[in-house]
Amino acid sequence: MDFYWSHILSIVLFAPMVGAVLIAFLPRENSKAIRYTALGFSVLTFALSVPLFFSYMGTLSGFQFVEIAPWIREWGISYHIGIDGISILLVLLTTFMSILAIWFSFYVQNRIKEYMFFFLLLETGMLGVFMALDLVLFYVFWELTLIPMYFIIGIWGGANRLYAAIKFFIYTFAGSLFMLIAIVAIYYIHLNATGVSSFNLIDIQRVLANGQIAPKVELWLFIAFALAFAIKVPLFPFHTWLPDAHVEAPTAGSVLLAAVLLKMGTYGFLRFCLPLFPDASQAAVPWMMGLSVIGITYGAIVAAMQQDLKKLVAYSSVAHLGFVMLGMFALNQQGITGSVLQMVNHGISTGALFLLVGILYERTHTRSFKDFGGLKAQMPIYAALFLVIMLSSVGLPSTNGFVGEFLCLIGAFHTNFLGLYGTNLWFVVLASLGVVLAAVYLLWMYQKVFYGPNDNPKNQNLPDVKWWEGVIVASLIALVFWIGLYPKALTDKMEVSVAHVISQTTLDRGARPAWSEMTFKQMKVKKPATKLAVKENDQ
């Protein structure tokens, strides 16, 4: 047991890869063994990750279950992993959604061996992103996720799969190159300041916090990291690759893309941009919140114009992730807590929507609104499941979506970084308009598909959900109401970690006041009071 607890993160991290290697040696003809091996290892990985949630000490701000070992010693690169109250939720989201994606992939009939191999490899890559505490290790896992997803879209996708796969790869890889350049620059900044070669996130953060970085350099490094993460989110106007990737990807690929891969971008902002570049992050608040609001309204308006179910859900992702970014750059406890919670909520609700669209597509091989109507009478259980998930995506009170969006809006309203009176109020008003628009296009879609006459002869004998399809969706519905009615179970885990990120980002850096004052003055942004100043005012 000592070995297990000392290496629990490594065991969870590499369990899917062990399954992928095992599948590589299984006979191609034995598709049943391949399917159940992949499903078994995904279940095993989730079972191994569950103890992390119950053993994690939410009252501590540092990383826990840390493992560190030299990798390339002369360059200061190490195998360094750990989790905090933010990453633990994303690790569990990854392991749980991987089970559902692989289980639903039993519908796949061609090249099953390669398909399951890539899915398990993708799971290891996603887990590595949320665990890595070494910048090079993080970059390796970040890039590792591109390879399996590229093949999943390019081989098992729709008619335009090659176009979508290449577009997905080029966009995300191009952004990653800027991040790689920034990582190398940070390495040399640390080397010049300490004489020690290191890519250790904690060591680098300590050096940068002591003012060992020129103001303009910090700004450019922030932009380099932010560009890579903004493309992955995707934040407007870097979103154009996402609808194509979602529409052409197989259902399980769309599920993991929405539920987990997009969260790598939002997680990157929280883990790297905010604590490493605090002054630049504060100066970027109006711009990031402005782009977030544009993404919310734009995504909702474009979603309302779609005639394809999958494309509608894809554009709704752009809108919902705008709330994640809005709350994050509020840079306060409510906003960032809502942001992290909304990452999890979006993964559950949007992942479930893609699964439900996939269930319908497997029966009809179409996703166009004009091909449907009156399915409520034909598939009553399916219609009920769809309604619950749709309402959670709208943000109905008592569902998970309401809690996350509500906290994000409260955080944006109370942000201290917008100097123009009433600007934050307008951001909140426009973001709230996105909630209304979400209700409009989702209810309109539901009415078109499930009500009215069922005039299409092909849809008049459609079978309702199978038992295992119902189990998959019901498990997500259980999470919808659990988080919606008792979010404290998650917020307690992240509260201290969120406060730690805020303290790293908003702490006044006395080593570089000139740049800070100049930047905030030009941007008309008021700097927040430090903790010391607050105490003095109270006295």
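Colleague: Which residues in α16 meet which residues in α19?
Modeller: Gln334, Gly335, Thr337, Gly338, Ser339, Leu341, Gln342, Asn345, Ile348 and Ser349 on the α16 side meet Asn400, Gly401, Val403, Gly404, Glu405, Leu407, Cys408, Ile410 and Gly411 of α19; contact means heavy atoms within 4.5 Å. By class, the contact has 6 nonpolar, 12 polar and 1 charged residues, where Ala, Val, Leu, Ile, Met, Phe, Trp, Tyr, Cys and Pro count as nonpolar, Asp, Glu, Lys and Arg as charged, and the others, Gly among them, as polar. This is a predicted model: local features need pLDDT of at least 70, side-chain atom pairs count only at pLDDT 80 or more, and totals for chains, interfaces and linings use all residues. Residues are numbered from 1 along each chain as its sequence is written, and side-chain values use heavy atoms, with hydrogens and water left out.

Colleague: Why are α16 and α19 described as they are relative to each other?
Modeller: The axes of α16 (residues 333-364) and α19 (residues 400-413) cross at roughly 150 degrees and come within 7 Å. Angles run from 0 to 180 degrees between N-to-C directions, and axes are lines fitted to C-alpha atoms, for helices over the stretch in contact. Under 35 degrees counts as roughly parallel, over 145 as roughly antiparallel, 65 to 115 as roughly perpendicular and the rest as oblique. The two helices are therefore roughly antiparallel. Helices are DSSP runs (H or I, at least four residues), numbered from the N terminus.

Colleague: What makes Ile410 count as buried, partly exposed or exposed?
Modeller: Its relative accessibility is 23%. Buried means under 20% relative accessible area, exposed over 50%, and partly exposed in between (1.4 Å probe, protein chains only). Ile410 is therefore partly exposed.

Colleague: What makes the side chains of Asp244 and Lys167 a salt bridge?
Modeller: The N to O distance is 2.9 Å, and the rule asks for a side-chain nitrogen of Lys or Arg within 4 Å of a carboxyl oxygen of Asp or Glu. Asp244 lies in α11 (residues 241-248) and Lys167 in α8 (residues 161-194), so the pair ties together parts 77 residues apart in sequence. Asp244, at 22%, counts as partly exposed, whereas Lys167, at 16%, counts as buried.

Colleague: How many salt bridges does this rule give?
Modeller: The count comes to 8. Among them, Asp308 and Arg367 meet at 3.4 Å, and both residues are buried. Another joins Glu469 and Arg363 at 2.8 Å. That pair links helix α21 (residues 467-485) with helix α16, 106 residues apart, and Glu469 and Arg363 are buried.
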